[in-house]
Amino acid sequence: MPSFCQVKPKELPSSASTRPFRSVRGVDFKMKTIEVDGIKVRIQIWDTAGQERYQTITKQYYRRAQGIFLVYDISSERSYQHIMKWVSDVDEYAPEGVQKILIGNKADEEQKRQVGREQGQQECSLLQLAKEYGMDFYETSACTNLNIKESFTRLTELVLQAHRKELDGVRTRASKELALAELEEDESKPEGPVNSSKTCWC
Ligand SMILES: Nc1nc2c(ncn2[C@@H]2O[C@H](COP(=O)(O)OP(=O)(O)OP(=O)(O)O)[C@@H](O)[C@H]2O)c(=O)[nH]1
């Protein structure tokens, strides 16, 4: 197993089309095209820095997010404990319907593992956390490509599903409002036949 890795952790496999990262302070940006259910989807990936000093900037990026990966390092108990903080930040700053996936990265570092895949029934066990917040969970490795494509595809699927539900909701509301407006219009019309001699100009 390599002790270091040249691959950026949130990168997708090279099979997807890419543009280089544009580095802003504390935030990296990348675009990818991936295929979900036979549909080509272009996604924007904002990789925000974890360090405290970038928090003011990075929090501003939560607002327009449709999907969020909460990433910890399986070889760092500390990074796992920080997940609760990320979760509360997401609750506070991200839009309500944002889709979330919990990621335990560096799965190739098995010999250094500090965070168990399943930590029994303990209150803050990994799966409990994922369940509590309704999140899917993957262990990934940017070194071996484990679950990288799968997790991006899943998050994209979740975002698309949520988007469809929202559109359906808008459509249903719009058609109900239209039906109501038509009903009101009908009710406001005078009853009985219209006097043609008064309305006809010919
Ligand atoms: N072994 C292993 N190393 C990894 C993996 N992913 C990232 N690394 C290494 O971990 C280190 C930190 O990676 P970064 O990409 O800077 O991590 P980050 O979470 O974006 O860090 P911040 O932006 O500072 O929050 C680098 O040395 C990477 O090569 C992985 O899956 N396995």
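Helices (H or I, at least four residues) and strands (E, at least two) are DSSP runs, numbered from the N terminus.

**View 1. Overall architecture of the predicted model.** The protein, shown here as a predicted model, contains six helices and seven strands. Read from the N terminus, its elements follow the order β-β-β-β-α-β-α-α-β-α-β-α-α. Of the 202 residues in the protein, 17% are buried. Among contacts with a separation of 6 or more, 64% join residues 24 or more positions apart.

**View 2. Confidence across the elements.** The average pLDDT of the protein is 78, and 76% of the residues score at least 70. Strand 5 (residues 67–73) has the highest mean pLDDT of the elements, at 93, whereas strand 1 (residues 17–18) has the lowest, at 44. For the model, the ipTM is 0.94 and the pTM is 0.76.

View 3. Over residues 1–19, pLDDT remains under 50.

**View 4. The surroundings of Asp 89.** Asp 89 belongs to helix 3, which spans residues 83–93. Asp 89 counts as partly exposed because 16 C-beta neighbours lie inside 10 Å, whereas a buried residue would need 20 or more and an exposed one 12 or fewer. Lys 59 is 30 residues from Asp 89 in sequence, and the C-alpha atoms of Asp 89 and Lys 59 are 7.8 Å apart in space.

Note on methods:
Residues numbered from 1 in each chain as written. Predicted model: local features only at pLDDT ≥ 70, side-chain atom pairs only at ≥ 80, totals over all residues. pLDDT = per-residue confidence, 0-100. Contact = placed C-beta atoms within 7 Å.
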